[in-house]
Amino acid sequence: MDFKSQVTGPKGLSAAVADALLVVVAGAELPVDLDSVLAEALAAAIKQGDFTLKAGQLLYAHRLAGVKATRVVFAHAGDGSAKALRKAVAAGLAPIKAGGAASLAVAVAGVTLTDAHAEALVAAVTDTLYVYRHTKPSAPAESKLRSVSLQCSKAETAAVAAGLKRGQAIAAGSTLARECANRPANHCTPSYLADQARKLGKDHGLKVSVLDRKDCEKLGMGSFLAVAQGSEEPLKFIVAQWQGGAKNEAPVVLVGKGITFDTGGISIKPAPEMDEMKYDMGGAASVLGTLRAVAQLKAKVNLIGIIPACENMPSGRAVKPGDVVTSLSGQTIEILNTDAEGRLILCDALTYAERFKPAVVVDIATLTGACVIALGHHRSGLFSADEELAAQLSAAGEQALDPAWRMPLDEEYDEALKSHYADMGNVGGRAGGAITAAMFLKRFTAKFRWAHLDIAGTAWKSGAAKGATGRPVPLLTHFVLSRAR
């Protein structure tokens, strides 16, 4: 998809050259900056009761007199915020995307455009047009829409161009994350994730290394190895590096949970909806997506992605409840529940991250159902004892329309992880499950600034809209860019 900014000519929007025109209006009154031909048509629709100036309103007109574009859609964007614009554009595309329009002009009346509006436009278009096809030949035909122009004034051009550029990079990263997560587990294996990382390295100039079982055994990753030992699929420990900053600049490190399928192991999950456990590598997918976005933008920052990838399967070799393993840090762990496996692979990856002397480490994981109960599906769970880091991540989420909500890490929660037979258990009780999971990870982060994102409620959707979301690639990309020179 080609996105560009276009300065509206003296004849106004009615003369815009495109197969379709989407006019987004904001506010409770008819905007004064709307093209006279379109303003007259919209005023008539309002008078006749076919349109009201309220968020969510939509009106389609074919071959509107005096307008060059064959198809015209009016959509209302409430207060005109970037968030409201994203919703309005997504709604406005509904009557256009399946038709014959190859080009679309988008105009926003009643608001001054910013880079955030432009980024939101790209997100709305790419999200709305995305269709998974890899294993479904019968998927709906691809939309014919190929180009989108955002109409703007000369004063808005620089901000709009910057937003479109950033938006396209984030969209490409989010799409990569969605494609990886949507693939069935017999397609998206640990080896597949490793191949995707290598492809990123080749296409975008990243340094990529992949460790296998023998490498992990030599290092002493007993916790990661324990989770992987029940599966026939070989584990992969993936490290990808983007060197956009100075050589001596401490990197940002992102650690993504890469469980390509989670049965729960011996502590096996119930059968209903277990198919959705192919999404348990959503953290890994988001790391790959963020690396792609940052590399595409050639951001002047050093970024490292670490992905411990494996399956969690029951077998005669699988780890058992009550087994004790020794992590890379030297701390021992009593595995009380084999379905709390994400933290077991992440803890060794967090310890491995120490060797890079990171400026900050953020781990991302579809870690706990408890986080879904706490926050639902709108906000990811954000955990950090670092006030500044937590504020930066929260701000990045708001800017990216990919919000998170900070959760507590009071030391009292750590009591639940006590074990009679090891330095810690891998689970506490049911109460505060998302918090005790974060407290477990915190035990492996003493040597760097750290935050944890629990994306179990936001990495994918169920039901009629079933599929990966690509989150939190937007949040992570904004965060990494905020640290670029």
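## The largest cavity

The lining of the largest cavity divides into 5 nonpolar, 2 polar and 1 charged residues, where Ala, Val, Leu, Ile, Met, Phe, Trp, Tyr, Cys and Pro count as nonpolar, Asp, Glu, Lys and Arg as charged, and the others, Gly among them, as polar. The residues concerned are Ala-177, Ala-181, Gly-282, Ala-285, Ala-459, Ala-468, Gly-470 and Arg-471, and the helices α4 (157-182) and α8 each supply at least two of the lining residues. The volume of this cavity is about 30 Å³, and a search of the whole structure finds 1 cavity of 30 Å³ or more.

The model is predicted, so that local features need pLDDT of at least 70 and side-chain atom pairs count only at pLDDT 80 or more, whereas totals for chains, interfaces and linings use all residues. Residues are numbered from 1 along each chain as its sequence is written, and side-chain values use heavy atoms, with hydrogens and water left out. On a 1 Å grid over the protein atoms alone, a cavity is a set of points where a 1.4 Å probe fits but cannot get out, a pocket is an open set with protein on both sides within 12 Å along at least five of seven lines, and lining residues have an atom within 4 Å of a point. Grid points are joined across faces, edges and corners, and a volume is the space filled by probe spheres set on the points.

## The second largest pocket

The second largest pocket has a volume of about 1000 Å³. It is lined by 39 residues, of which Lys-269, Leu-367, Thr-368, Gly-369 and Ala-370 are the closest to its centre. By class, this lining comprises 16 nonpolar, 12 polar and 11 charged residues.

At least two lining residues come from each of α9 (342-353), α10 (369-375), α12 (433-442) and β19 (460-461), and α10 gives the most, with 5 residues. Helices (H or I, at least four residues) and strands (E, at least two) are DSSP runs, numbered from the N terminus.

Helix α8 (residues 282-296) packs against helix α13 (residues 473-482) at an angle of about 45 degrees, with the axes 9 Å apart; that makes α8 oblique to α13. Axes are lines fitted to C-alpha atoms, for helices over the stretch in contact, and angles run from 0 to 180 degrees between N-to-C directions; angles under 35 degrees count as roughly parallel, over 145 as roughly antiparallel, 65 to 115 as roughly perpendicular and the rest as oblique. The contact (heavy atoms within 4.5 Å) joins Ser-286, Gly-289, Thr-290, Ala-293 and Val-294 of α8 to Val-473, Leu-476, Thr-477 and Val-480 of α13, and it holds 5 nonpolar, 4 polar and no charged residues.

The axes of helix α11 (residues 387-399) and α13 come within 8 Å and cross at roughly 120 degrees, and α11 and α13 are therefore oblique to each other. On the α11 side the contact is made by Leu-389, Gln-392, Leu-393, Ala-396, Gly-397 and Gln-399, and on the α13 side by Leu-475, His-478 and Phe-479. This contact of α11 with α13 has 5 nonpolar, 4 polar and no charged residues.

## Backbone details

The peptide bond from Arg-471 to Pro-472 is cis, with omega near 0 degrees, and Pro-472 is found in the loop between β20 (467-468) and α13. Glu-273, in the loop between β10 (258-262) and α8, has a positive phi of about 65 degrees although it is not a glycine.
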